[in-house]
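Here is a short report on one protein model.

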Amino acid sequence: MLVKIINPNTTISMTQRIGECARAVAAVGTEISAVSPSMGPASIESHYDEALSVPGLLEEIERGEREGADGYVIACFGDPGLDAARELAVGPVVGIAEAAMHAAPFLGRGFSVVTTLGRTTGRAWDLAGRYGMSRTCRNVRACEIPVLELEQPGSRARELITQECRLALLEDRSDVIVLGCAGMADLTAEISATLGVPVVDGVAAATKMVESLVAMGLRTSAWSEFAPPPAKKYVGLLSEFAVL
Ligand code: 2AL
């Protein structure tokens, strides 16, 4: 089985770490291909970044279809382009926020999301609503750490994220933590060991979810909304994206 993990930002060092985290949980026989798009923002921490990450992401879905990918993970906590990706791909597509927020209620009564910048918390709340988790998601907390600082050796990110997770347990009545950025995937085990609660990384959760769906022979329904998009011409910079 080939699972393609798309980090919709173009920071390759982050993509490599995401790939390692996915491989650490993948079953024997699951091949993980972790890629970044050829175009787009270095990190995604605004609605503008998110919108402009989508064309490159969709190009990777389209390439994945030609290369025989069985399913996809969108490895950014805003789940950018998820619905559009489902229209293009035959196999299942799962976002990391979607997977983590669905995994957390199996593990406790309420979860807090701990994410990067405060300006991304609105999107996380929107997604919690979309996924039916408004009651189970008790808070979305930001550490005010820019995404690319997670890549910096010697950054205080680890310590600040752990501290915010501790506050989530004490102040939000949460008993599960969801990490709100793909760049935090490698911190899960350490924070969980320090705080003694489950810490869910969406990259691992989405990888296992895609693997399970594919193993069950399940695909996205093409019955109505997620049928392939209707053919039409696109002009200008997006002309290559025309559906023929
Ligand atoms: C993210 C993420 O997962 N990747 C990225 O570039 N930005 N999410 C976030 N909340 O900052």
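## Arg86

Arg86 sits in helix H3, residues 82-88. Helices are DSSP runs (H or I, at least four residues), numbered from the N terminus. The model is predicted, so local features need pLDDT of at least 70 and side-chain atom pairs count only at pLDDT 80 or more, while totals for chains, interfaces and linings use all residues. Residues are numbered from 1 along each chain as its sequence is written, and side-chain values use heavy atoms, leaving out hydrogens and water.

Arg86 counts as buried because its relative accessible area is 12%. Buried means under 20%, exposed over 50%, and partly exposed in between (1.4 Å probe, protein chains only). A polar side-chain atom of Arg86 lies 2.7 Å from the backbone oxygen of Val93. Beyond neighbours within four places in sequence, Arg86 is in contact with Val93, Val94, Glu98, Arg130, Thr220 and Phe226. Contact means heavy atoms within 4.5 Å.

## Ligand site

The residues around the ligand include Asn9, Ser43, Ile44, Thr115 and Gly180; each has a heavy atom within 4 Å of the ligand.

A ligand nitrogen is 2.6 Å from a polar backbone atom of Ile44. A ligand nitrogen is 3.0 Å from a side-chain N or O atom of Thr115. For a backbone N or O atom of Gly180, the distance to a ligand nitrogen is 3.1 Å. Alone, the ligand exposes 300 Å², and the protein buries 97% of that. Areas come from the Shrake-Rupley method with a 1.4 Å probe.

## Tyr234

Tyr234 lies in the segment after helix H8 (202-215). Tyr234 counts as partly exposed because its relative accessibility is 35%.

Note on methods: Helices (H or I, at least four residues) and strands (E, at least two) are DSSP runs, numbered from the N terminus. A polar contact is a pair of N or O atoms within 3.5 Å; within protein, one must be able to donate a hydrogen and the other to accept it, and residues adjacent in sequence count only if both atoms are side-chain atoms.
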